[in-house]
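Hi,

Here is the structure I promised to pass on.

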Amino acid sequence: MEEKLLIEAKNLKKTFKISERKRGLPGRIANLFVKKFKTKVAVDEISFSINEGESVGFIGPNGAGKSTTIKMLSGILYPTEGELIVDGLIPYKQRKKYVSKIGVVFGQKSQLQWDLPVIDSFELLRRIYSISKEEYEKKLKEFIEILDMSSFINQQVRQLSLGQRMRADIAAALLHSPKIVFLDEPTIGLDVVVKEKIRDFIRFINKEYKVTIIFTTHDLKDIEQTCERLIIIDKGKKIYDGMLEEIKEKYNDNRELIVQFEEECSIKEFNDIKIKNLPNNKKCIFFDLKKISTKDLISKLMKDYEIKDFTILDTNIDEIISKIYQEGIN
């Protein structure tokens, strides 16, 4: 099936005017009569395209411009320069028509009615978006089960814990079957169990309903477990746009392989691999991808020894991204 282009941003730029205030009493008096401004570039000519059904992690250090970009994509802010088309619409110009196509979750800003039970807030959204009763009940049943909301669905929103409210907020953003959902720090401050429920739900709506996901977060496990593609911006500029696995391969040459042998054996070191003995006939093998590929290493071991099982340890994505933030893209 041919991929459908859903989001296209060309040379997207956003600047803000910031008041320059002089220090001291004379400066404050002068500011009353003559105000001076400086221009801050938050997003600097970013271009990218996203196809329908993609799940994209959009990350960068604090102040990189990622939240500003998300707000332009969602129609909250307008770009100073450049072009932005989402599903045939210009978000900030055709706002009323556009909002029915998107779902938005911005960190700890809730769209639920504070004094109403969660289920009443959902019912209110059903009426606002004119969702059919049949479609609403189907989605509600799925969402309650996956997000484990049955225990608090009838509680007032004000009585919910942060984790409960975030699950309810995410469900609320998806009830009207949007084509795109923007997630800005949806797991911030949540415990590991709740984070995993939210990640499961994001994977579900992406695969089951082909919802396009734009995910910005500082918790890189969110990205690693829900997104295949990664866009990195820094100081307002795009510095990387590609598959998550590619950046792992490119920026992490040192790997670990845990091998369980059928019986205790002694392995001679080759290609500068390092070996650490573990219990139960297991060994941890440290190797450099520049000197030997994972495939070649496993093939050589299987040729020379009886292997019961092996595990390739996951690349530490946090270390890779931290290195990119500090040193830039090579």
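**The sheet and its helix**

Helix α10 (residues 294-304) lies across β10 (254-261), β12 and β13, and runs at about 165° to β13. Helices (H or I, at least four residues) and strands (E, at least two) are DSSP runs, numbered from the N terminus. Axes are lines fitted to C-alpha atoms, for helices over the stretch in contact (heavy atoms within 4.5 Å), and angles run from 0 to 180 degrees between N-to-C directions.

Before you go on: this is a predicted model, where local features need pLDDT of at least 70 and side-chain atom pairs count only at pLDDT 80 or more, while totals for chains, interfaces and linings use all residues. Residues are numbered from 1 along each chain as its sequence is written, and side-chain values use heavy atoms, with hydrogens and water left out.

The open sheet has 4 strands in the order β11-β12-β10-β13, with antiparallel pairing (two strands pair if DSSP finds at least two bridges between them). Its edge strands are β11 (274-278) and β13 (307-312), each pairing on one side only.

Now for β12 (residues 282-288). This strand pairs with β11 over 5 bridges and with β10 over 7 bridges. Facing it, Ile275 has Ile285 as its bridge partner, and Asn254 stands opposite Asp288.

Cheers
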